[in-house]
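Look at the sequence and the fold together, and keep both in view while reading.

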Amino acid sequence: MINARKTLGALALTAMFGLSAACAGPAAETSGPAELRMTVWTSNEAQLKLLNSIGDAYRADHPDVSKITFESLPFADYNTTLTTQIAGGNAPDLAWMGDLSKDLIASDALVGLTDKLKATDGWQYDDLLPSVTAEYSRNGTLYAYPFSNSPYALYVNTDLLAKAGQKIDPATLTWDQVAAAGAAVHEKTGKAGFVIRDFDYKSWNVLATVWTGWGAAAWSPDGKTCTFASPEMQKAFSFLHDAAFTTKATPSPGTTADFFAGDAAFTIAQVSRASLLTGSFKFGLHPLPAGPAGKYAVLGQAGVGVLTSSKHQSQATDFLAYLTNPSNAEKLAQFFPPPRKSLLTGAKLAANNKTLSAEQLQTVVVDQLPNAVTLPNHTSPAEIAQKGKTALDAMWKADADIPAVLRSVCAAIDPILAK
């Protein structure tokens with residue numbers, strides 16, 4: 001998790017770049033062979049090997065590009081480092097992006113991709129699933145290719161459940177049942193019940209994987225009004241608070257448990273995290289449990305775009321089109337659930353997946369994507385995240401006044417949303 005100083009630093013740098021981008025316009029193209037640099041947050045050797053092989057194949061047929069470097073930045077500091085590079089005049093040509101995307105799009109820092117991708121022979125723009133392109137689009141133009149579309153799912157340690165004498169039916173599973181089974185596992189084994197991975201009482205946006213089941217949302221559809229104080233959100237946080245402080249179905253603040261190390265019965269995590277499974281216990285993988293509002297799906301996304309500050313915009317955009325064409329999208333799909341309808345079948349996703357079966361991938365990826373909502377994302381994400389966390393800190397006490405805390409969240413972030 002980025003600390004407060006780094007978070008606020010990233011915010012200031014993003015704002016600074018937004019002003020400079022609006023005033024300066026696109027960077028001038030340079031002559032001669034281009035050396036392209038693309039920032040990524042993966043350090044996985046297999047993923048980097050694949051990216052480099054695609055880059056090498058592209059360069060073999062494009063003498064106007066002499067070098068393509070994939071620069072790995074630590075995930076926890078990725079936004080801070082990228083915005084520092086941008087503000088300091090050392091921006092990459094292409095970049096992966098998560099919650100920074102709305103700021104980059106709003107500040108005209110990304111090159112529009114739609115015309116180029118539609119004009120590229122064999123690219124098949126209509127193959128993109130509309131539900132996954134919305135996050136990276138503005139006024140009908142796509143500004144980042146959504147290369148990773150990983151739904152959140154429920155991982156189950158079936159060995160721990162058996163040890164505690166618990167059984168679940170994935171077809172009818174609800175959050176109340178997960179909490180009851182989790183509390184029983186904790187009581188009988190000392191292990192944790194359910195864990196919301198990456199939350200750790202800090203990154204509150206991932207709690208959308210829970211509150212969406214109550215029909216709650218962080219803000220209104222137009223993004224201008226906080227809705228944390230809604231009755232639905234109050235009920236969702238009452239469930240979470242009870243699980244942490246009453247039934248002990250989830251670890252309380254200050255206590256950690258790693259599902260993938262065998263320390264918890266359940267975890268909510270993206271499907272892509274299946275690579276962390278080591279085979280040390282039997283597991284199940286299922287769609288998110290139903291909430292009072294019914295069944296739902298939540299999606300974690302990552303996109304890749306070309307920065308307008310690049311001095312090699314044409315080459316960078318052409319390489320992005322090559323990196324994401326149908327053939328290369330199929331190769332990338334072994335690590336990142338793709339946005340292409342033609343690749344979204346359990347059988348095709350399982351072809352290069354050594355951990356999950358075709359049935360699992362069909363159920364937790366393919367069937368979930370069309371109606372999935374994304375994690376909360378907004379302009380000024382760092383400021384909203386920090387203000388929201390500070391207000392929500394009061395929630396994680398046994399005697400918390402839940403409605404009052406949620407009203408304080410709105411008081412903290414409403415001024416930012418209204419900008």
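Helix α9 and strand β11 (373-374) each supply at least two residues to the lining of the second largest pocket. Helices (H or I, at least four residues) and strands (E, at least two) are DSSP runs, numbered from the N terminus. This pocket is lined by 24 residues, and Trp219, Ser220, Pro221, Pro376 and Asn377 lie nearest its centre. Its volume is about 540 Å³. The model is predicted, so to speak of local features requires a pLDDT of at least 70 and side-chain atom pairs count only at pLDDT 80 or more, while totals for chains, interfaces and linings use all residues. Residues are numbered from 1 along each chain as its sequence is written, and side-chain values use heavy atoms, with hydrogens and water left out.

How is empty space found? Rolling a probe the size of a water molecule over the atoms shows where empty space is left. On a 1 Å grid over the protein atoms alone, a cavity is a set of points where a 1.4 Å probe fits but cannot get out, whereas a pocket is an open set with protein on both sides within 12 Å along at least five of seven lines; lining residues have an atom within 4 Å of a point. Grid points are joined across faces, edges and corners, and a volume is the space filled by probe spheres set on the points. Over the whole structure, 2 cavities of 30 Å³ or more are found. The largest cavity has a volume of about 60 Å³, and among the residues that line it are Met38, Trp96, Phe147, Leu332 and Phe336.

Phe336 also touches Ser148, as do Gly300, Gln301, Ala302 and Pro337, not counting residues up to four places away in sequence. Contact here means heavy atoms within 4.5 Å. Ser148 is part of strand β6 (residues 145-157). Is Ser148 buried or exposed? Ser148 counts as buried because its relative accessibility is 8%; buried means under 20% relative accessible area, exposed over 50%, and partly exposed in between (1.4 Å probe, protein chains only).

The next topic is the packed interior. In soluble globular proteins, nonpolar side chains tend to be buried together. A nonpolar core is a set of buried Ala, Val, Leu, Ile, Met, Phe, Trp, Tyr and Cys residues joined through side-chain atoms within 4.5 Å. The largest such core has 57 residues, of which Trp175, Phe194, Trp211, Phe228 and Phe237 touch the most other members. Helix α16 (residues 402-417) gives the most to this core, with 8 residues. Apart from it lies another core, of 50 residues, including Leu82, Met97, Val111 and Leu128. Leu82 is also one of the buried residues of helix α3, along with Tyr78, Asn79, Thr80, Thr83, Gln85 and Ile86. Helix α3 (residues 78-87) is mostly covered, as 7 of its 10 residues are buried. After α3 comes Gly89, whose phi is positive, near 80 degrees.

A disulfide is a covalent bond between the sulfur atoms of two cysteines. With the cut-off used here, a pair of cysteine sulfur atoms within 2.5 Å, the whole structure has 1 disulfide. The bond joins Cys226 to Cys410, with an S to S distance of 2.1 Å. Cys226 lies in the loop between α9 (208-211) and α10 (231-245) and Cys410 in helix α16, so the pair ties together parts that are 184 residues apart in sequence. Cys226 and Cys410 are both buried. The link of Cys226 and Cys410 is left-handed, with -70 degrees about the S-S bond.

Some loop residues remain. Ser342 is in the loop between α12 (326-332) and α13 (346-350), and counts as partly exposed because its relative accessibility is 32%. The side chains of Ser342 and Asp127 are joined by a polar contact of 2.6 Å. A polar contact is a pair of N or O atoms within 3.5 Å; within protein, one must be able to donate a hydrogen and the other to accept it, and residues adjacent in sequence count only if both atoms are side-chain atoms. Gln124 has a positive phi of about 65 degrees although it is not a glycine, and is found in the loop between α5 (114-119) and α6 (130-133).
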